[in-house]
Amino acid sequence: MIHKVPEDLYYTKEHEWAYVDENIVTVGVTSYAQENLGEIVYAELPDEGQKVTQNEPFGVIESVKAVSDLYAPVSGTVIETNEGLMDKPGILNDDPWNDGWLIRIEMDTEKELASLIKAGEYKKLIAK
Amino acid sequence: MSDAKKTPLHKWHNENGGKMVNYAGWDMPVQYQKGLVSEHEFTRKKASLFDVSHMGEFRFVGSEALKALYFLSPSNVEKLEEGESCYSFFPNEQGGVVDDLLIYCFKKQKDYLICVNASNAEKIGEHIKKHSTDFDVQIVNECEMWGQVAIQGPEAIKMTTELISGVDKLERFHFGSFDYKDSSVIVARTGYTGEDGFEIFVSPDQTEELWKDLLAKGAEPCGLAARDTLRLEAALNLYGNELSEDCNPFERRMAWTVDFKKLNFMAKDRLVELKEKASRKLVGLKVLERAIPRAGYEVLDGDEVVGLVTSGTMSPSLSEPIAMVWIDKKSAESDKKLKVQIRKKQVEAQITPLPFLKNV
C-alpha cells in the first residue's frame, strides 16, 4: 500500500505528524501508523494545560491487539485535545491527517523543530 | 525473517494480503486486508479458515504407547476410544506446564497422536524423549508431515460437509479419516474459537488445495490476531499467557484435566501439593470504564494488589474490554468489583463468569 505523506508536515520516527502554525503545533499519527495498528478502539490523551516534552510519551492509542505510545514532537503546553476521538477512536483510521488529529501544543521553542524529520525522509523511513 | 519457517500456505498468504509476522519461529499471517475485527466477526457469523500448520504433531506407536502417554499426561488418556480426542497437558517435574495439547487415539493402547503448540514443539520433543525411555514406544516427530487447516464458525460444519462427505456425523472431540478427492484427510471436531468446527490434518502438498476448496464454499481467511481475540472470548488458555513452566495448573483452570485416581503419572505427588497450595485462580473480568486491560497489568482489591491480567483485549463481539485475570481466591467471588491498574489510572472492573462468549 502506498501511503500519502503530506509535504507540509513534520514527522517523528515514531510516526507522529506535526503541523506548525506559528507557535501552535497540531499533532496526529500518520496513515502508515494507523494502518499498522489496525482498528483503533481507544485513545488516551492528556488534559488541556498539561506539559509535554519532546520525544517523551504523552498518551496512548490502542488497537484491539496492541497498545502504542504517542510521542510528543515538540515540548510545550497542551491547549486542546480532540474530544471526538474519545467516543469515536476509529476516526484515527478513517482520517488520520485531518479529523483524527490528537492534540494541539503551544510549543516552548521553535528550535526543537530542527530535530523533526521532513516528508522526504519520512517516506524513506516507511519504505524500508 | 529469512530463516523463519513457512507453512504450505505461506505463498498463498503473501499473495492474498496476509500481513506476515514472526510467530514462534514461523512466518505467519497476523491478519489479512479486512482486518482483525472483520475476521473475528465473520468467524462468529459464518465461518473462517485458520492456517494452523505451524502446530506440532508427535505420534506415539508401539505396544506401550498408551502407557507412555498415561505417564506423561495427568488426564484419563486410558479412557480414550479409537477416534476420540481429549485436551490435556504435560507437566514438568515440578508440576508446571511443559505444554497444553490435544491427544488423539488412533488405535487403543498402540497408536496416538498429540498436537502441541508451535512455540513448544521442539521442547516437547525433548521432553517426551527424556521421559518415555522406560516404555516400548516409538515417538515419531510428524511436525513436517502435516499441514493443518481449522474451519470455525456456525457454518463450518455445512461448508466442510459439502466438500468432505460424512464429517457432520462426528461428535465434538471425535475425529476420523475421510476421503478428500483422491486421498484422505484427518478431520477432528475441535477448535480454538468457541465455535463449532473442525481441525483438519492434511498432507502439506494438498493443504493449499483444501484451503482454496473451503474458501470456495464461502469461508474467509482469519489471521492470528483474531484467533487470539476469539479464544479469549471463549476463555481458552494460551500457552505463554495463562500457562507456563512455572505456573500452578490448579490456579489456571486446568484442574479438570487432572485425575488423581490414576495410579501414577509425571509429577503426581508434586501436583497433589500444588492443588492444596493453590491460592489463586483464573477468573473473567469486565472493565467498566473505557480502557483496555492487557497482559501483565495489576489487579487490585481496594488498595491491595491481588493478581495480574494474563490476557486482555477489547472484545470485538461484546464491544467491551475483557480480561482473564489470575487473582487471590479471596478476591475472586462472582460479580465482585475490582480495579485494574492501567498506566497511571485505576479503572473499575467486575468479575464475570467465563467464558465471556461461547457458541459450542
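A residue is called buried here if 20 or more other C-beta atoms lie within 10 Å of its own, exposed if 12 or fewer do, and partly exposed in between. By that count B:Lys110, with 15 C-beta neighbours inside 10 Å, is partly exposed. The structure described in this report is a predicted model, and the values below are computed from it.

## Overall form of chain B

Chain B contains eight helices and 19 strands. Its radius of gyration is 20 Å, close to the 21 Å that the globule rule gives for 360 residues, so chain B is as compact as a globular protein of that length. Taken along the principal axes, the box filled by the C-alpha atoms of chain B has dimensions of roughly 65 × 50 × 40 Å. Of the 360 residues in chain B, 48% are buried, and among the contacts of chain B with a separation of 6 or more, 67% are between residues 24 or more positions apart.

Chain A meets chain B through eight of its own residues, which are in contact with 13 residues of chain B.

## Domains and the contact between domains 1 and 3

Chain B is divided into three parts: domain 1 comprises 10–53 + 146–233, domain 2 comprises 56–144, and domain 3 comprises 279–360. The C-alpha centres of domain 1 and domain 3 of chain B lie 30 Å apart, and eleven residues of domain 1 are in contact with 13 residues of domain 3. On the domain 1 side, helix H2 (36–45) and helix H7 (224–233) of chain B each supply at least two of the residues that touch domain 3, and the largest share, four residues, comes from H2(B). By residue class, this side of domain 1 divides into three nonpolar, three polar and five charged residues.

## The nonpolar core

In soluble globular proteins, nonpolar side chains tend to be buried together. The largest nonpolar core in this model has 138 residues, and those with the most contacts inside it are B:Leu69, B:Tyr112, B:Val149 and B:Ile151. What does B:Val149 touch, not counting residues up to four places away in sequence? Its partners are B:Leu49, B:Asp51, B:Val52, B:Ile200, B:Val202, B:Thr207, B:Leu210, B:Trp211 and B:Leu214.

## The loop at B:Lys110

B:Lys110 is placed in the loop between strand S6 (97–107) and strand S7 (111–116) of chain B. Leaving aside its neighbours within four places in sequence, B:Lys110 is in contact with B:Val61, B:Gly62, B:Ser63 and B:Ala65. Although B:Lys110 and B:Ala65 are 45 residues apart along the chain, their C-alpha atoms are separated by 5.0 Å.

Strand S19 of chain B has two antiparallel partners described here. With strand S14 (residues 280–287) the antiparallel pairing of S19(B) extends over four bridges, and B:Val287 stands opposite B:Ala349 in S19(B). With S18(B) the antiparallel pairing of S19(B) extends over six bridges, and here B:Gln341 stands opposite B:Gln346 in S19(B). The hairpin of S18(B) and S19(B) has two residues between the strands, and in this hairpin B:Arg343 takes a positive phi near 55°. The segment after strand S19 (345–352) of chain B holds B:Pro355, and the peptide bond from B:Leu354 to B:Pro355 is cis, with omega near -5°.

## Backbone angles of note

| Residue or bond | Angle |
|---|---|
| B:Ala267 | phi near 60° |
| B:Arg343 | phi near 55° |
| B:Leu354 to B:Pro355 | omega near -5° |

B:Ala267, whose positive phi occurs in a residue other than glycine, lies in the loop between H7 and helix H8 (268–277) of chain B; it counts as partly exposed because it has 18 C-beta neighbours inside 10 Å. Is B:Asp335 buried or exposed? B:Asp335 is exposed, because 8 other C-beta atoms lie within 10 Å, and the limit for that class is 12 or fewer.

Conventions
Residues numbered from 1 in each chain as written. Chains lettered and ligands numbered in written order. Predicted model: local features only at pLDDT ≥ 70, side-chain atom pairs only at ≥ 80, totals over all residues. Rg over C-alpha atoms; globule rule 2.2 N^0.38 Å. Contact = placed C-beta atoms within 7 Å. Domains from an automatic or database assignment. Nonpolar A, V, L, I, M, F, W, Y, C, P; charged D, E, K, R; others polar. Core = buried A, V, L, I, M, F, W, Y, C linked by C-beta atoms within 7 Å. Pairing = 2+ DSSP bridges.
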